[in-house]
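Biologist: Could we go through this model together, question by question, with the cut-offs behind each term laid out as we go?

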Amino acid sequence: MERRFFDLNIDVYVPGRWYLTDPTHLSGDEIDDIWRFSNGRPVELHERLRIPIYHPGKPLDFTTAGAGRTPILSERAASVFRALAPSDTQLFPVEVEGETEPYYLLNVARQIRCIDDAACEEVQFYTAEGVQAHRAGEYRSVSGLRIDKSKVGEARVFRLWGWHPPIIVDGEVKEALERTGIVGGRFDEA
């Protein structure tokens, strides 16, 4: 059976859901680079971070925090990544404002060049003449995302080269997350 892959995204339709803002140091000071947790590369983190609540509401098993879309997981969601994708991910304990339950920052530490341009609804690229010339050749927009599964190898969780927003999980990770009763995540086939 051919492996299936899914874009794990936030479910904005959870009634009364909370929204979190950018991670900070425990002191409340901003961290240097809020985007480092969305690049698909391993990171070093030597201190615990704090996740402030932007809009109070129902705690979720999966959500993203702030403009950098930093993935934040409950213990039960983190246990799936810990068990099924330890070489693809890093989990860092964080303090979510007002919560006593454990939460984790998920860093997807693998990036794969596998977007299937022809199978996507539409792809647009940055150009050397554009405002962000330093990103020439990278994706500016991807609609109807489809990946070339032949380029994935054994990866179970990864980010996409040139288009970092999606977190791609394989079907086994998706099913395991669904079995835990994950609240806050939505899966779209890629």
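What follows is a conversation about salt bridges, aromatic and charged contacts, and a surface patch.

Modeller: This is a predicted model, in which local features need pLDDT of at least 70 and side-chain atom pairs count only at pLDDT 80 or more, while totals for chains, interfaces and linings use all residues. Residues are numbered from 1 along each chain as its sequence is written, and side-chain values use heavy atoms, with hydrogens and water left out.

Biologist: How many salt bridges does a search of the whole structure find?

Modeller: Side chains of opposite charge can pair when their charged atoms come close. The criterion here is a side-chain nitrogen of Lys or Arg within 4 Å of a carboxyl oxygen of Asp or Glu. Searching the whole structure on that basis, the number of salt bridges found is 13.

Biologist: Is D170 buried or exposed?

Modeller: D170 is found in strand β14, residues 163–170, where helices (H or I, at least four residues) and strands (E, at least two) are DSSP runs numbered from the N terminus. Buried means under 20% relative accessible area, exposed over 50%, and partly exposed in between, with a 1.4 Å probe and protein chains only. Because the relative accessibility of D170 is 2%, D170 counts as buried.

Biologist: Leaving aside its neighbours within four places in sequence, which residues is D170 in contact with?

Modeller: Contact means heavy atoms within 4.5 Å. With neighbours within four places in sequence left aside, the contacts of D170 are R3, R4, F5, F6 and R156.

Biologist: What parts of the chain does the salt bridge between E97 and R50 tie together?

Modeller: The closest N and O atoms of E97 and R50 are 3.9 Å apart. E97 is partly exposed, with a relative accessible area of 33%, and R50 also counts as partly exposed, at 25% relative accessibility. The pair ties together parts that are 47 residues apart in sequence, namely the loop between β8 (89–96) and β9, which holds E97, and, for R50, strand β4 (residues 49–51).

Biologist: What is the geometry of the aromatic pair formed by W18 and Y103?

Modeller: Three aromatic pairs are found in a search of the whole structure; rings of Phe, Tyr and Trp (its six-membered ring) pair if their centres lie within 6.5 Å, and planes under 30 degrees apart count as stacked, over 60 as edge-to-face and the rest as tilted. W18 lies in the loop between β1 and β2 and Y103 in strand β9 (residues 103–108), so the pair ties together parts that are 85 residues apart in sequence. Both W18 and Y103 are buried. With 5.6 Å centre to centre and 55 degrees between the planes, the pair formed by W18 and Y103 is tilted.

Biologist: How far is the charged end of R113 from the centre of the ring of W161?

Modeller: A charge sits over a ring if NZ of Lys or CZ of Arg is within 6 Å of the ring centre and within 35 degrees of the ring normal. R82 lies over the face of Y104, at 5.2 Å from the ring centre. For R113, whose charged end sits over the ring of W161, the distance from the ring centre is 3.7 Å.

Biologist: What accessible area do V12, Y13, Y19 and Y54 have together?

Modeller: Patches are made of residues with over 30% relative accessible area and no salt bridge, like charges being joined within 9 Å and nonpolar side chains (Val, Leu, Ile, Met, Phe, Trp, Tyr) within 5 Å; the areas come from the Shrake-Rupley method with a 1.4 Å probe, and for residues only the protein chains shown count as cover. V12, found in the loop between β1 (5–10) and β2 (19–20), is partly exposed, with a relative accessible area of 39%. V12, Y13, Y19 and Y54 form a nonpolar patch on the surface, and their accessible area together is about 510 Å².
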